[in-house]
Amino acid sequence: MARINLSVVVGDITSDIYYGTFAKNDRHVPYLRAFMMINASKDAEAVKGLRVAFYGLLAERMAGYLQKGTRLMVEGHIQIRPGKDGRPPVFEVVAEYAVPIRNANEERGNQRLAELIAAGKIRSEEDYGSTSFIGLLGDDFPKAQEQAA
């Protein structure tokens, strides 16, 4: 049986953005969490407080661009985690690709990108094509590009 879990959402960041790291296999993994408001459509109500999670290099890159009020397109998969201390389960979209659409902090984002390039975590701007909101694909993008070459 095929397993397909794909979600594409567009919404506005409505909360403060949490950025931190957690330990996994003796290394620190960057993590970013935000909540989005998704506008209502003709036959559906608005979604308030959809949790979106970013991990790894995508979290590091998005930390520069995102701020409260940023409109964002996220492609990823839905994850359900058990609630702690008797709380209900947590539903979230785990981002695999993201593009800020408006109200992003492009200056701070480009500065963060330059820091990642200088640290050798990302090879260069040319790997991602554009100079505006570049490199917002998930961690496997450079590897996929190398395989295509």
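Tyr 18, Phe 22, Tyr 31 and Tyr 55 are linked into a cluster by ring pairs. The structure is a predicted model, in which local features need pLDDT of at least 70 and side-chain atom pairs count only at pLDDT 80 or more, while totals for chains, interfaces and linings use all residues. Residues are numbered from 1 along each chain as its sequence is written, and side-chain values use heavy atoms, with hydrogens and water left out.

## The aromatic cluster

The structure holds four aromatic pairs. Rings of Phe, Tyr and Trp (its six-membered ring) pair if their centres lie within 6.5 Å; planes under 30 degrees apart count as stacked, over 60 as edge-to-face and the rest as tilted. Phe 22 belongs to strand β2 (residues 18-24) and Tyr 55 to strand β4 (residues 47-55), so the pair ties together parts that are 33 residues apart in sequence. Helices (H or I, at least four residues) and strands (E, at least two) are DSSP runs, numbered from the N terminus.

How accessible are Phe 22 and Tyr 55? Phe 22 is partly exposed, with a relative accessible area of 32%, and Tyr 55 is partly exposed at 24%. Tyr 31 is buried, with a relative accessible area of 9%. Buried means under 20% relative accessible area, exposed over 50%, and partly exposed in between (1.4 Å probe, protein chains only).

## Strand pairing around β3

Strands pair if DSSP finds at least two bridges between them. Strand β3 (residues 27-38) takes part in the pairings below.

| Strands | Sense | Bridges | Opposite residues |
|---|---|---|---|
| β1 (residues 7-13) and β3 | antiparallel | two | Asp 12 and Met 37 |
| β2 and β3 | antiparallel | seven | Lys 24 and Arg 27 |
| β3 and β4 | antiparallel | eight | Ala 34 and Val 52 |

The hairpin of β2 and β3 has two residues between the strands, and Asn 25 takes a positive phi near 50° there. Asn 25 lies in the loop between β2 and β3 and, at 69% relative accessibility, counts as exposed. Another positive phi in a residue other than glycine is that of Asn 103, near 60°. Asn 103 lies in the loop between β6 and α2 and is partly exposed, with a relative accessible area of 45%.

Arg 33 is found in strand β3 and counts as partly exposed at 23% relative accessibility. Leaving out residues up to four places away in sequence, Arg 33 touches Asp 16, Ile 17, Tyr 18, Arg 51 and Val 52; contact here means heavy atoms within 4.5 Å. The C-alpha atoms of Arg 33 and Gly 20 are separated by 8.9 Å, and the two residues are 13 residues apart along the chain.

Is Glu 92 buried or exposed? Glu 92 is buried, with a relative accessible area of 1%, and is found in strand β6 (residues 90-102). The side chain of Glu 92 makes a polar contact of 2.6 Å with the side chain of Gln 79 and one of 3.4 Å with the side chain of Arg 81. A polar contact is a pair of N or O atoms within 3.5 Å; within protein, one must be able to donate a hydrogen and the other to accept it, and residues adjacent in sequence count only if both atoms are side-chain atoms. Not counting residues up to four places away in sequence, the residues that Glu 92 touches include Tyr 31 and Tyr 55, both of which belong to the aromatic cluster. Others that Glu 92 touches include Arg 51, Ala 53, His 77 and Ile 78.

## The contact of two helices

Helix α1 (residues 56-65) and helix α2 (residues 106-118) have axes that come within 6 Å and cross at roughly 145°. Axes are lines fitted to C-alpha atoms, for helices over the stretch in contact, and angles run from 0 to 180 degrees between N-to-C directions. On the α1 side the contact is made by Glu 60, Arg 61, Ala 63, Gly 64 and Tyr 65. On the α2 side the residues are Glu 106, Arg 108, Gly 109, Asn 110, Arg 112, Leu 113 and Leu 116. The residues of this contact divide into four nonpolar, three polar and five charged. Ala, Val, Leu, Ile, Met, Phe, Trp, Tyr, Cys and Pro count as nonpolar, Asp, Glu, Lys and Arg as charged, and the others, Gly among them, as polar.
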